[in-house]
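Thanks for coming. I will talk about aromatic rings today, and I will keep it brief. Please have a look at the structure first.

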Amino acid sequence: MTGWIIRPAGDRTEDEQCGLTRILERCDSLRTVDRLVSDFAGMLRQRQGQHLDTWIAQAKESGVAQLAGFAAGLFKDYDAVRNGLTLPYSSGAVEGNVCRLKAIKRQMYGRANFDLLRLRVVLAE
C-alpha cells in the first residue's frame, strides 16, 4: 500500500488505484497522508519550493505525528530544503565522488599506507 501512495496516480495500475480508493474511503488519516505525500511529491517533481510554507503548516496540523515530525525536520533546515525544491542545481556529482572515494578507502583499510591509497584514487579515474 505504501507504494500506491508514493507513486503518482498516473503510474498506478487500475487495480492499484481501485484498492487505494477503497482504503482511503475508510480511513481519514490515510486520506490525509495520501494528499500530503502527493502534494510534497509534486513540489519535488515540479520544483515548486514556494509552496513549502503551506505544506509544512498543513503537515503540522494534519494530526499525523510522523508527518508533523517530518515537517518539523524540514523547518529546521528550511533554507536548504527550499533551495533544493526551487533551484535547478544538484550536488549529485559531488556526492557520487564522495561515495566512490569512501568505497575505495574502505577497501584499502589496514592494507597499505596513504601513498598507495592516493595512487589507487588517482588511477581509479
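Is Phe-40 buried or exposed? Phe-40 is buried: its relative accessible area is 14%, and the cut-off for buried is under 20%. Bear in mind that this is a predicted model, and that these values are computed from it.

Now to the partners. Searching the whole structure gives 4 aromatic pairs. In one of them, Phe-40 is paired with Trp-55, with 4.9 Å from centre to centre and 50° between the planes, which makes the pair tilted. This pair links distant parts of the chain, since Phe-40 belongs to helix 3, residues 28-46, and Trp-55 to helix 4, residues 52-61. The two residues are 15 apart in the chain. Trp-55 is buried too, at 3% relative accessibility.

Next, another pair. Why is the pair of Phe-75 and Tyr-78 tilted? The planes of the two rings meet at 55° and their centres are 6.0 Å apart, so the pair counts as tilted. To be called edge-to-face, the angle would have to be over 60 degrees.

Tyr-78, in contrast, is buried, at 19%.

One last item on Phe-75. The charged end of Lys-60 sits over the Phe-75 ring, 4.8 Å from the ring centre. So Phe-75 has Tyr-78 as its tilted ring partner, and the charge of Lys-60 over its ring.

Notes: Residues numbered from 1 in each chain as written. Predicted model: local features only at pLDDT ≥ 70, side-chain atom pairs only at ≥ 80, totals over all residues. Heavy atoms only, no water. Phe/Tyr/Trp six-rings, centres within 6.5 Å; stacked < 30°, edge-to-face > 60°. Helix = DSSP H or I, 4+ residues; strand = E, 2+ residues; numbered from the N terminus. Buried < 20%, exposed > 50% of the residue type's maximum accessible area, 1.4 Å probe, protein only. Lys NZ or Arg CZ within 6 Å of the ring centre and 35° of its normal.
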